Amino acid sequence: MHHDFIDRYSRLESPIHRMPVGMKAAVTLAVVFTVVLAPPSWILFYVAAAIFLMIIAVLSRIPAGFLIRRIAFFELFVLVIALLALAQPGGGARFGAIILKSTLSLLTVLLLANTTPFNRIIGFLGRLHVPSAMITILALMYRYIFVLIDEAGRIQRARESRTFVRQRTRRWIMLASVLGRLFVRSTERAERIYDAMCARGWRQ
Amino acid sequence: MPSVAIEAQDLHFRYDGTSQEVLRGISFRVNEGESVGIVGPNGAGKSTLLLHMNGILPTSPDKSQAVRVFGLAITGENLFTIRQTVGLLFQDPDDQLFCATVYEDVAFGPSQFGYSGEKLVSVVESALAMVDLKGYENRSPHHLSIGEKQRVCLAGILACQPKVLVLDEPTHGLDPRGKQHLKTILHSLPATKLIATHDLELVVEMCSRTLLIDGGSLITDGPTLELLSDESLMLSHGLEKPHILRHRHPH
């Protein structure tokens with residue numbers, strides 16, 4: 001199975017894709033921080049930021065539909081937090097601010113992830129002297145998240161193929177056992193990966 | 001006299017917290033340049049044996065002197081020399097391809113062993129050329145077929161320029177074309193080979209000598225054709241006489 005959930009369009013050809021990683025990472029951080037810290041009353045600033053991001057999105061040739069769907073997906077998580085804000089006095093404005101800030105930040109990070117292959121971001125972190133243990137963890141996470149998703153899919157399918165009744169409680173029990181299996185398999189795999197690393201000279 | 005590449009002498013092993021021995025006094029020798037097959041039923045101890053060949057097991061290597069590689073016992077000091085001498089190919093390519101790109105993965109071994117700069121690039125390039133994967137440098141492992149993954153794994157080992165290749169089920173999960181391709185590549189490599197597999201045809205084609213292991217003990221050590229043709233021996237250890245030997249006429 002092929003997965004590209006994290007960085008489907010990261011290997012397209014465009015002026016944005018060709019830009020140096022460091023510049024893109026710096027701009028991303030700058031935009032996210034200013035968007036998060038700017039007071040909600042700076043309407044013009046938010047409009048400018050939105051226009052800037054849209055120009056980058058168009059230049060990068062990433063399909064708009066993809067960006068919108070991705071933002072909508074992550075927005076679900078934001079919504080849960082934003083809804084809590086509604087319970088406070090003056091919550092309406094706060095709700096709006098949270099949605100606006102998070103949407104712009106999400107778009108910024110999505111643009112970085114889809115214009116830069118992950119291994120180049122990792123390489124950039126290395127040049128910044130981010131601790132190597134941290135980088136190894138990130139790199140292994142990116143490498144194995146897809147293997148894990150495949151494995152979960154296979155376990156789930158095997159279970160479903162032998163499930164003949166629909167029952168809500170049973171589905172929860174099933175989900176729990178899939179997660180359990182997945183945990184055991186991942187631990188075993190981690191041991192084998194570690195052995196494979198040692199076999200090629202890895203020293204802690 | 002060719003020199004002895006690998007020597008195991010009365011090798012015993014038991015996993016921590018278990019009472020049963022997985023390896024019960026195995027002894028054998030592999031000469032430099034030889035290709036030796038290891039066959040046996042599931043759970044015979046083949047994979048555990050292979051993990052001893054470059055010091056992954058036992059986990060504290062100083063205690064055991066049972067395995068020697070080119071005369072060198074596997075101890076803490078020469079562990080890394082031995083790991084460079086013996087390349088270990090694991091059964092599941094996904095366990096072995098742990099880097100984000102093919103290039104990084106093949107470069108992992110040699111960079112651990114001190115290669116860098118242009119020398120590293122040329123070692124990686126030539127390893128990829130040996131497995132017919134030139135131009136795959138920037139591909140991600142999760143976008144490759146199983147056959148391609150297996151060949152990248154092999155390149156990752158070849159890049160360390162080992163003298164001995166230890167392969168655990170190298171044809172596992174490969175389609176016939178993938179198998180053929182891998183065999184051609186393996187044939188072209190001059191290194192000493194130790195191959196554990198259920199693919200008995202592979203053993204017939206690649207190895208002149210075979211070790212039969214069952215229940216953690218070495219049952220027989222002999223010429224491949226003689227050993228695999230012995231139908232009653234094969235059946236009594238959960239194996240079978242391979243098809244290519246079945247239809248071979250005596251004349």
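This is a predicted model: local features need pLDDT of at least 70, side-chain atom pairs count only at pLDDT 80 or more; totals for chains, interfaces and linings use all residues.
Local features need pLDDT of at least 70 and side-chain atom pairs count only at pLDDT 80 or more, while totals for chains, interfaces and linings use all residues. Residues are numbered from 1 along each chain as its sequence is written, and chains are lettered from A and ligands numbered from 1 in the order in which they are written.

The contact between the chains (C-beta atoms, placed from the backbone, within 7 Å) draws 25 residues from chain B and 22 residues from chain A. On the chain B side, helix 4 (102-112) of chain B contributes the most, with four residues. Helices here are DSSP runs of H or I with at least four residues, and strands are E runs of at least two, numbered from the N terminus.

Turning to the helix pair, the axes of helix 6 (residues 146-158) and helix 7 (residues 176-188) of chain B come within 10 Å and cross at roughly 15 degrees. Axes are lines fitted to C-alpha atoms, for helices over the stretch in contact, with angles from 0 to 180 degrees between N-to-C directions. Helix 6 and helix 7 of chain B are therefore roughly parallel (angles under 35 degrees). Among the residues making this contact are Ile146(B) and Leu154(B) of helix 6 and Leu182(B) and Ile185(B) of helix 7.

Chain B also holds an open sheet of six strands, ordered 6-7-8-3-9-10, with mixed pairing (strands pair if DSSP finds at least two bridges between them). Strand 9 (residues 209-214) and strand 10 of chain B run antiparallel over six bridges.

Definitions and conventions
Two residues are in contact if their C-beta atoms, placed from the backbone, lie within 7 Å. Angles under 35 degrees count as roughly parallel, over 145 as roughly antiparallel, 65 to 115 as roughly perpendicular and the rest as oblique.
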